[in-house]
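Student: I am new to this structure and would like to go through it by question and answer. Where do we begin?

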Amino acid sequence: MSEVARKNYLTRKSLEAIIAENDAEREGGGLKRALGWGSLMALGIGGIIGAGIFVLTGTAAAKFAGPGVTVSFLLSGLACAFVALCYAELAALIPVAGSTYTYTYVTLGEIFAWIIGWNLVLEYAAGAATVAVGWAGYFNRVLQGFGINLPPEFTTAYFAHASAHAPPETVHGVFNVPAAAIIFLLTMILVRGTTESSTFNNIIVAIKVTVVLLVIFFGAAHVNFANWTPLVPENNGEFGIFGWSGVVRGASVVFFAYIGFDAVSTAAQEAHTPQRDVPIGILGSLVICTVLYVAVAAVATGVVNYKELGVPDPIALAMDRTGQTWISWVVKFGALAGLTTAILVLLFGQTRVFYAMAQDGLLPPVFAKLHDRFRTPAVSQIMIGFFVALAAGLLPIDILDEMVSIGTLAAFCLVCMAVIHLRRAHPEMHRPFRAPGIPFMPILGIGSCLALMVALPLETWLRLLIWTGIGLAIYMFYGISHAKRG
């Protein structure tokens, strides 16, 4: 490798240059500044409350942690809290759309920024496709409740086995139409504008938080304390299957439930006062959702024996057991609302990361082109929406969700490293929000994320390496020759 090439790979973006570009962009009419701290907090809650609380609670309890799933949620929430504090400091210091990608560009250099920006596709785009498949499952069950059965070949992904309600002669599906349809609908809302998208998100967040509170209130009255004994079922001899190792394994599984709070940082360039509003949005949404998660997990495992919760709609099952049939229907509609806003936030976050990468020349300029009227990256949003809808329609949820957590955890580690580096390299800079306990707190964040990554299977690591290799090839053929350096 030549010295010039090595310097290009490791070029770091000046923190001062980023701030100056952000100020110039704000004065020149860039992304619309339309979000206050309340909308940012709702954005975070919209991204977090989704498949985790309505689906993964039952999966983690039935397969790994038993009633100890409440501890699993606490462990994952604690790991995210370390990272969230780091996000809050960096988002207030560098209030731009790129999130982890930009933070890495400043601290570790161009090639590392590209790798993390590419891997963020696993969190946002693949995450949106994953949640869309879950949304389609709930949507189909709601329709079945009204006696409507969609053709199974059009509710099942091509690369999946036939859905549970398909006739025996059906070999596989053709395309998951509901999953793709919800992606297209939300893409159009996002293209229309940030204010409109935020208003829609705020309304849906209010609905689903109300539903979650109803679950806690009505479920608490029907808790059978015997279902919580033992809190941690005895390990069956295999690591990660009950026992305390199962609680940790459960924490790795429910970690997916927390993905979304970091999307608040991608909206920093669209906040009224990002130095104040973004930290409130990140930390506030994480705290609220952690409390709700733990409470719902406790209610679900208290009302129903954990062995019975391994179903697609465990919270609805728990509400059925209360004898209040109407609340089960409320939960199903609340789940649809929760999954809807989770998809919206993930699609939003993906375009903002690509927007920042395109501004730096690492992606084609089309990803940074703003709509003349709406001032949103409309072309990029439509392109991403198309490919995410394609993935949601063709791929089953078990293929999609395997890659989401490891890509996100890798990004979280780099955020913690970025805080440590900037504290040492730029101690003189004014930080509107200062994360406490430096360097110990980000070190705990890195350690927590690595521990959760280790709990993931080898196949997931191999897929991550393959995905990263594809990204490096794109960087070599396009990014390195088009990057704007200085």
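Tutor: Helices here are DSSP runs of H or I with at least four residues, numbered from the N terminus. The model is a predicted one.

Student: In which helix is Ala389 placed?

Tutor: Helices carry their numbers from the N terminus. The run that covers residues 378-394 includes the place of Ala389, and that run is helix α15.

Student: Is Ala389 buried or exposed?

Tutor: Buried means under 20% relative accessible area. Ala389 has a relative accessible area of 1%, so Ala389 is buried.

Student: Which residues is Ala389 in contact with, leaving aside its neighbours within four places in sequence?

Tutor: Contact means heavy atoms within 4.5 Å. Pro178 is 211 residues from Ala389 along the chain, and their C-alpha atoms are separated by 9.7 Å. With neighbours within four places left aside, the contacts of Ala389 are Phe175, Ala180, Ile183 and Phe184.

Student: Which residues touch the most other members of the largest nonpolar core?

Tutor: This core has 152 residues. Its largest share, 20 residues, comes from helix α7 (residues 110-145). The residues that touch the most other members are Ile49, Tyr101, Phe261 and Ile343.

Student: How many disulfides does the count come to?

Tutor: A disulfide is a covalent bond between the sulfur atoms of two cysteines. The rule asks for sulfur atoms within 2.5 Å. For Cys80, the closest cysteine sulfur is in Cys449 at 7.1 Å, which is too far for a bond. The count of disulfides comes to zero.

Student: Which residues of α17 are exposed on the face turned away from its buried side?

Tutor: Helix α17 (residues 440-454) has the buried residues Met441, Pro442, Gly445, Ile446, Cys449, Leu452 and Met453. Seen down the axis of α17, these fall within an arc of 145°, so they line one face of the helix. The face turned away from that buried side carries the exposed residues Phe440 and Val454.

Student: Which residues does Thr290 touch, not counting residues up to four places away in sequence?

Tutor: Thr290 has its place in helix α12 (residues 274-303). Its relative accessible area is 13%, so Thr290 is buried. Not counting residues up to four places away in sequence, Thr290 touches Gly77 and Tyr258.

Notes: Residues numbered from 1 in each chain as written. Predicted model: local features only at pLDDT ≥ 70, side-chain atom pairs only at ≥ 80, totals over all residues. Heavy atoms only, no water. Core = buried A, V, L, I, M, F, W, Y, C linked by side-chain atoms within 4.5 Å. Buried < 20%, exposed > 50% of the residue type's maximum accessible area, 1.4 Å probe, protein only. Helix = DSSP H or I, 4+ residues; strand = E, 2+ residues; numbered from the N terminus. Arc of directions from axis to C-beta.
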